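I opened my notebook to look up a few things about this structure. Come and read along with me.

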Amino acid sequence: MDMKRDYYEDVQFLKGAGLKTWFFLLLVSLVVFPFIAPSYYVYVASLIGVNIIVVLGLNILVGNTGQISLGHAGFVAIGAYITVLLQSSGIPFPVALVLGAIIAALFGVVLGIPALRLEGPYLAIATLAFGLAIEVIIGRIDLFGGHMGLSVRGADFGFTRIINETEVYFLILIPLIISGVAARNILRSKTGRAFQAIRDSNIAASAMGVNVARYKTMSFAISAFYAGIAGGLWAVLIGFINPGQFNFVLSIQYLAMVVVGGLGTILGSVFGAVVITLLMLQAESIQLIPILGPMFEWFSETFMTRSGMPNITWILTGLALMLIVIFEPLGLYGLWIRCKIYWKTWPF
Amino acid sequence: MLQIIISGIVVGSIYALMGLAMGIIYKASEVPNFAQGEMAMISSYIAFVILAVHGYGFLFAFTGAIAFAFLLGIFFEFVFIRRAKNPNILSLIIITLGFQMVLYGIAGWKFGSDQRRLSLPFSDRKTYNFGDVVISELGLATILAAILLMLVVWWFLSSTKTGIAMKATQQNSMAAKINGIPTNKIMSLSFGISSIVGAVAGLFIAPVTTLDPNMMWDPLLKGFAAAVLGGFGNLPGIILGGYILGITENIYGYYISVEFKSVFALLVIVLVLWVKPSGLFSRHHTKKV
């Protein structure tokens with residue numbers, strides 16, 4: 001089978017010719033996609049792309065470093081608002097995006113410092129408080145447009161302005177690929193191994209010479225940076241931001257994506273973001289699902305209320321969260337690995 | 001001033017009850033139960049259904065809701081928490097978040113997002129005067145019910161055999177098992193009791209706000225803040241934390257700004273965690289390897 005002969009073969013970015021072919025095919029299909037798909041699906045794909053970026057970052061924090069964050073929507077909000085404000089003051093979009101993400105990362109450091117001494121429930125509540133505070137504070141400041149929010153007119157590059165769906169799709173695709181590759185490289189480096197050591201045992205890691213304080217803060221900063229990038233892109237994608245979008249529910253959705261996809265894996269982040277985003281978009285049109293839809297409709301009318309039907313997505317997401325944690329702690333990625341091993345070793 | 005403190009004590013009672021409910025579960029299983037608020041919300045809906053839809057009396061509705069809350073807590077522990085494979089805190093937190101979503105979805109599905117009114121026999125219009133302090137009948141009932149419930153919980157934990165078994169399980173579940181305590185049952189019981197405490201808080205806050213699926217979100221957060229303030233493992237500390245939070249929040253809202261009143265609790269959490277990572281009233285314990 002595939003034996004590794006030297007170290008460099010083991011640390012290659014893509015292992016084996018098969019994987020290289022698949023990666024190339026994926027890239028090609030991602031590039032071709034917006035030209036053949038209807039525009040709504042291009043929008044959906046862009047939305048999924050934005051969520052993947054957040055989840056990649058959150059997964060580094062939650063899955064690889066083992067810290068919990070219930071306030072990630074706060075970082076996304078910071079990224080979105082800073083990017084939009086800088087852009088409207090005349091700075092070109094890419095610069096504004098990176099600056100927004102850097103400011104989000106600074107907030108990540110600020111949140112990371114008290115988080116050094118906190119664990120478990122205390123960390124959960126501290127990050128939760130951070131997320132809620134950001135939402136409330138943004139809503140009260142006139143510079144940020146208060147509760148009315150700000151409208152965004154595309155991404156301004158100085159010489160051109162990107163506004164139509166296909167262009168925005170590519171605007172999101174490029175940072176998405178960069179951040180995916182970056183996440184994979186971070187996790188294979190010394191830093192990534194330090195993160196995992198902290199996750200597995202705080203004390204053992206520091207005994208082995210890992211600077212726990214430094215790497216925990218770094219993990220918060222990296223993950224906030226990802227969220228900031230995603231925030232800026234999201235603002236361009238939907239063309240409008242207001243504080244209500246960045247609420248606790250959004251943070252929980254991001255966490256759900258991480259858990260459903262698979263803690264601590266890149267592929268899992270992608271799976272989770274795709275599945276949960278599609279599930280949430282389906283909320284408005286749940287009665288249109290082929291066979292289940294009419295069944296739900298009948299059930300709603302007989303026992304529940306018709307108007308409450310979108311709430312079914314909550315039940316499904318919640319159940320998915322619980323069942324995945326209970327039965328398959330590695331999430332969809334775990335299922336994927338199991339299938340792969342089953343077929344590889346078939347018929348044994 | 002005294003008036004503000006009294007109304008602070010009324011809300012503080014609710015916060016203290018929510019915090020107490022979370023504290024009981026935290027002591028038993030080391031997990032902050034994010035589903036606590038939604039469990040209380042569903043129980044209040046049960047009271048509403050018995051009271052308004054079927055038209056039974058208040059006492060029946062109250063006991064019905066309490067019994068339902070108890071069963072819901074046991075159900076949650078038995079069906080979900082206990083099934084988790086080699087649980088760490090992160091996965092348990094995620095299970096409670098998932099259960100919260102499910103309950104929220106069920107409530108929204110069944111009752112829509114319309115706001116309903118749960119009417120208790122205590123009105124919030126009828127008031128009593130003590131000197132120059134005015135307190136509504138509902139406020140008085142809330143304070144009394146909270147204190148009564150706290151006393152009952154305290155009596156239960158310190159004087160009954162089951163309560164002592166609960167304490168033993170919390171301190172060292174392996175040793176408790178060796179001594180013949182059915183630790184699994186005790187765990188379920190902890191969830192049931194905590195759910196009851198939360199449901200009482202829900203029943204007393206429902207007439208003040210309105211009955212809708214989002215109603216317990218704010219009390220849950222404040223209960224959480226109270227628990228952090230007092231230190232999660234320390235039940236009297238949590239109760240004290242709830243009252244401190246209620247009173248200071250009201251003073252803050254009166255003298256400084258009503259607008260940022262909701263952020264105040266968050267600020268308190270962050271400040272307390274910054275200074276004392278395990279809360280005000282509990283000692284910081286370092287984990288052994």
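I started with Ile91(A) and asked: is it buried, exposed or partly exposed? I counted 16 other C-beta atoms within 10 Å of Ile91(A). Buried needs 20 or more and exposed needs 12 or fewer, so Ile91(A) is partly exposed. I kept in mind that this is a predicted model.

Next I looked up where Ile91(A) sits. I found Ile91(A) in the loop between helix H4 (72-88) and helix H5 (93-115) of chain A. Setting aside residues up to four places away in sequence, I noted that Ile91(A) touches Leu86(A) and Ala96(A). I also checked Asp156(A), which is 65 residues from Ile91(A) along the chain. The C-alpha atoms of the two are separated by 8.2 Å.

Then I turned to the largest nonpolar core. I read that this core has 200 residues, and that Leu321(A) and Ile269(B) touch the most other members. Helix H10 (residues 212-238) of chain A gives the largest share of the core, 16 residues.

I followed up on Ile269(B). Which residues is Ile269(B) in contact with, leaving aside its neighbours within four places in sequence? I wrote down Ile125(A), Ala126(A) and Ala129(A) from chain A, plus Ala225(B) and Val228(B) from chain B.

My last entry is on the contact between the chains. I saw that 36 residues of chain A and 39 residues of chain B take part. On the side of chain A that touches chain B, helix H6 (121-140), helix H11 (248-261) and helix H14 (312-327) each supply at least two residues. I sorted the residues on that side of chain A into 26 nonpolar, eight polar and two charged.

Methods
Residues are numbered from 1 along each chain as its sequence is written. Chains are lettered from A and ligands numbered from 1 in the order in which they are written. This is a predicted model: local features need pLDDT of at least 70, side-chain atom pairs count only at pLDDT 80 or more; totals for chains, interfaces and linings use all residues. A nonpolar core is a set of buried Ala, Val, Leu, Ile, Met, Phe, Trp, Tyr and Cys residues joined through C-beta atoms within 7 Å. Helices (H or I, at least four residues) and strands (E, at least two) are DSSP runs, numbered from the N terminus. Two residues are in contact if their C-beta atoms, placed from the backbone, lie within 7 Å. Ala, Val, Leu, Ile, Met, Phe, Trp, Tyr, Cys and Pro count as nonpolar, Asp, Glu, Lys and Arg as charged, and the others, Gly among them, as polar.
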